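Please find below a colleague's note on the model under review.

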Amino acid sequence: MHDERFPGLHRRGFLATATGAASLGALVLTGCGSGPAEDTGREGDGKPTKGGRLRAAFAGGGAGETLDPHLANLFADAARAKALYDKLADFGADLSARPRLAETWEANKTLDRWQVTLRKATFHDGRPVTAADVLYSYRRIADPEQAFRARASLEPIDLDASRATGERGIEFVLKRPTAEFPNVLAAFGAYVVPQDSGESGGFDTKPIGSGPFRFVSFTPGRSAVFRRYDDYWEGAPHLDELEFVVANEESARVNALLGGQVEYAHELDPTTARAHEGKGQIAIVRLPGSAMQGFAMKTDRAPFDDKRVREAFFLIADRKELVDGALSGAGVIGNDLFGKGYEYYADGLPQRGQDLDRARALLKQAGAENLKVTLDTSAVAAGFVEAASIFRDQAKKAGVTIDVEMGSKDSYWADILDNGTLCCYRSGAMPVEAHISQRLLTDSTTNATKWKHKDFDALYQQAQSTRDKTERAAVYERMQRRLYTEGGFLVWGFADWILGTARRVKGVSAEAPANTLDWARFDKVWLA
Amino acid sequence: MSGLRSFVARRLLLGVLQTIAVVLLVFALIEALPGDAAVALAGDQPDPARIAALREAMHLDRPAHERLTDWVTGLLHGELGTSLSSGRPVGQYICDGFGPTLLLATLTAALLVPAGFGLGVLAARHEGRLADRLISSVTLAVYAVPEFALGILLVTVFALQLRWLPPTAVGYGTDLLGHPAALVLPVLVLLARPVCSLSRLVRAGMIDALASPYVAQARRYGISGARIRYTHALPGALAPAAQQLARTVDWLLCGVIVVEALYVIPGLGTVLLDAVAERDVPVVQGLAVVFGLLTVVLNLGADLVTHRLAPRAGVIA
C-alpha cells in the first residue's frame, strides 16, 4: 500500500453550513415571481432541450453512504438530497433565504410566531405535501436521540407548541424573536420527507421526496440513479435521467470527464482548472465566494488576548500572496470579515493590507517582541498546509516566529476548537448572521476564536428582534466593524469552488456559491 | 505424510494466533489515533453536544475493553459486527468490496505467472546477451516507476490521447466484467512491478540451477536442452518465486488502494481507507480478520508448493 504518498487521496468535501438562525429575508415573501431559478443559466446557453442522461462525479462517503436526507454530511449527500427532496426555503447566491416549498411566510409583531403557507406540491407517490409532513420532518430532525446535523439549526423552534393550521398552513412558535427565521427553513439538511418515512426505513431502497427527480437505484459508495419527476411543482427537469457516481480522487474525476465517462465533475483543483480553461475540451465553472479562508486566533488566551497582537497579525498577512500561493490564484482576497458578496456583508470598510512596520510597533507596544506562536494546520482542506508555510514566512519579516504543526485531518476540526492558540480555518457559504450565531456568541457551539462578549451577544439579540431590514443591517454593520477592528478571524481570502462540465452541458449556474440553491442544481441543467 | 499434516496444523494454529494478534494491534492502534468515529462524523461542525450524542448513539461512551469483548463474542458466533457510521453489517462491506478486488487479483495473477516466468526463463537462457540485457534493464526501469505515476501516464496516453480505453471504471459498480476494457489499465499497472520482481527472481534461480552439478549431470546423460530447462532446472528456480508470488497475490487481495482510487474501482482497499478515515473500528477489525487469514493461507500454500518443488530446501522443517 503506497497511499502515504498522497495525503490528499481521500479529501472529501465537508460542508460548513448554517446551523444558527437565518439571514435576513424580507419578513413577508411570496414565492411567485421571486424565484431566481429561471435565469441562472450561463449566458448564451440558448434554449433548453429535453432529454438525456447526465452523469455527475462527486467525492463520496464510501460504503456507508445513505440517501436519508437528514443524515447528509458531504457535498455528494447534499447534491443527492437536493435532487430527491425539497426544503421550505433555500439560499440564493447572496445567501438570503428564498422560498421553496414554503409559498409565503409571515411573522407576528414580536417575531416569535411565524405563519408559513406551503405551495401545492406532491411527493413522488402522488400524495400532497402537507403541514403534517413538515412537522414530522422537523420533529425527526430535532429528535435528541438521533444527533442529526440540522438539529442545531432548528433549535429556535418550539416544536411542541408549533402546529398545523390547515393542510398547507403551519404556525411555527419560536423560543425567542428570530428575524432571520427564513434561514432556519433553508438550513442545511432540513429536508421535508413524507410522514412516517423514518420509521418505515426505506430511505435507501425506495426514498420518496417532493424533489425534481425520483428514485431509480442506489448503491452506496458507487452510484445513485434518479429519473425526472414530471409533476415537480417548479416544472419537470430537462434531463431524463441523472446519475451520481462516486470518485474520491480528483484526478479520477477529471479523467472521467475528459474521457467522456461523466458530464459533470465536482470539486476540481485550481491547477486542473488552469490546465483546461479555454482549451475547448471541457468547460470550467468557478463558483466565487464558496469558501472563506483564514486563520483563527483564540482571543481568550495569550498572546491573542491582547487586541494589539491580533491587529498586528492582521497587518502581517500579505493576502494577495496567500491567495496566489495557497489557492493557486483561484479566489479573491479577504478583509477579516466573513461573507464577502453576501447579504449584510460590511463592504464599506477599507481593505486591509500588509504593514510590517505598524505590525512591529503594535507587537512592541504589547510587549510581544520576539513572539513565538504555534500554527495548527492539517491536510483537511485544500491550501491549508501551503497557507501555513506562507504565513510563517510573512510573520518572520515582522519578527514573529511561527511553528507550523500538522494535525490529523480526520479530527482536525474537533482538535482546534478548544486547543492551541492559532490555526488554519475555513468555512463554506452560510449567511453572515449564521456565521455569527454559530461561532461568535458566548453560547455558540463552534466558537473557535473564543469570542465571548456580552455586549456583542446583546447586539445579536437586538438584530434578531428588529423588524425593519435597514435597521437590522445597521446592527450587523456595527457588529462587523468591531470584528474588523479586533476580532479573532484573520480572513485572508475567499476560494472559488471549481467544477468541470462537458461542453454540451448547459444551464449550470456560475454565480451560486457551493451549497446554495443553484449549486449542483440538476433540474435546471440540460444537454445540448 | 503425517509430518506434513502436523506441519499444516501447526501453521494454521500459528496463523490464527497471528490473526488474533493483528486484530488486537489494529484495535489498539485505532484507539490511539486522534479522534473517534463521532468526531470524524461531526467533521467541520464539532459541536461538543452533538459529538457527545453521536458517541452515545454509537456506544462509544462504553470502555474500550467492553466494546472489544462484545465484538469478539459476536465473532465467535460468526458475526463481524455492524459499521459505526452506517449501522450496516460489516460482512456486507467486505462482500461488496471483495468482488472487484478478487477480479483484479485473479486477472493480474493469471497474467503475472506466464509473463513473469516466461521473461525470467528467456533472460536466463540468453544470459549476458542482448535479450537478457534488454529484459533486465526494462524490468529494472519499470520497477522504479511508482504505481501512481505509471497509472497517470497510462491513462494520459491510452485513454485521453489515443482514446483506446476508458480512463476509469467510474459508474460500472460491481459489473466490471461487463466492461472488460476498463480493466486493462488497472491490471497493467498492477502487473508492472510484480512482473519485474518475479522475472528477475526466476532469472536468477534459473541461472543458478543451470550452473548446478545436477544439471551438468543431466547434460552428460544427453538429455535435451528444453527438457533440462523445464523439467529439471525450472522447478528449482521456482521455489523462491513461489514465495514471491504468494506475497504478490496477498498484496492484491488485501486491496490496492492507489489503483482503486485512480481507476475508481470500489474494492477492499477503498473500504479500508474509508473505514480508517471514519474511525469505523468494526469495519477495520473485520478487514483485519479477513486480511490476516488470507495472508496465513496464501503463505502456507506457498510453503507447500515450495516443499513440493524443492524438498531439500527444508523450508518446512
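1. Basis of the note. This is a predicted model, in which local features need pLDDT of at least 70 and side-chain atom pairs count only at pLDDT 80 or more, while totals for chains, interfaces and linings use all residues. Residues are numbered from 1 along each chain as its sequence is written, and chains are lettered from A and ligands numbered from 1 in the order in which they are written.

2. Overall form of chain A. Chain A contains 14 helices and 20 strands; these are DSSP runs numbered from the N terminus, with at least four residues of H or I for a helix and at least two of E for a strand. The C-alpha trace of chain A spans about 70 × 60 × 45 Å along its principal axes.

3. Burial and contacts. Of the 528 residues in chain A, 59% are buried. A residue is buried if 20 or more other C-beta atoms lie within 10 Å of its own, exposed if 12 or fewer, and partly exposed in between, with C-beta atoms placed from the backbone. Among contacts in chain A with a separation of 6 or more, 74% join residues 24 or more positions apart; a contact requires C-beta atoms, placed from the backbone, within 7 Å.

4. Strand 11 of chain A. Strand 2 (residues 53-58) runs parallel to strand 11 (residues 241-246) over 6 bridges, and A:Arg53 has A:Glu241 as its bridge partner. Strand 10 (residues 223-228) is antiparallel to strand 11, with 5 bridges, and here A:Phe226 stands opposite A:Leu242. Strands pair if DSSP finds at least two bridges between them.

5. Strand 15 of chain A. Strand 15 (residues 372-378) is largely enclosed by the rest of the structure, because 5 of its 7 residues are buried. Strand 15 is joined in parallel to strand 16 (residues 401-407) by 7 bridges and to strand 17 (residues 422-428) by 2 bridges. A:Asp376 is paired with A:Glu405 in strand 16 and stands opposite A:Cys423 in strand 17.

6. Helix 7 of chain A. How many of the 10 residues of helix 7 (residues 307-316) are buried? The count is 8, including A:Phe313 and A:Phe314. The buried residues of helix 7 pack against elements that include strand 13 (282-297), helix 10 (384-396) and helix 14 (469-486) of chain A.

7. A:Tyr138. This residue belongs to helix 2 (residues 131-142) of chain A. A:Tyr138 counts as buried because it has 24 C-beta neighbours inside 10 Å. Not counting residues up to four places away in sequence, A:Tyr138 touches A:Leu154, A:Ile157 and A:Leu159.

8. Core and chain contact. The largest nonpolar core has 253 residues, and A:Ala57, A:Phe391 and B:Leu287 have the most contacts inside it (such a core is a set of buried Ala, Val, Leu, Ile, Met, Phe, Trp, Tyr and Cys residues joined through C-beta atoms within 7 Å). Helix 8 (residues 181-210) of chain B gives the most to this core, with 15 residues. Leaving aside neighbours within four places in sequence, A:Ala57 is in contact with residues including A:Val245, A:Tyr264 and B:Val170. The contact between the chains takes 47 residues from chain A and 50 residues from chain B.

Definitions and conventions:
Contact = placed C-beta atoms within 7 Å.
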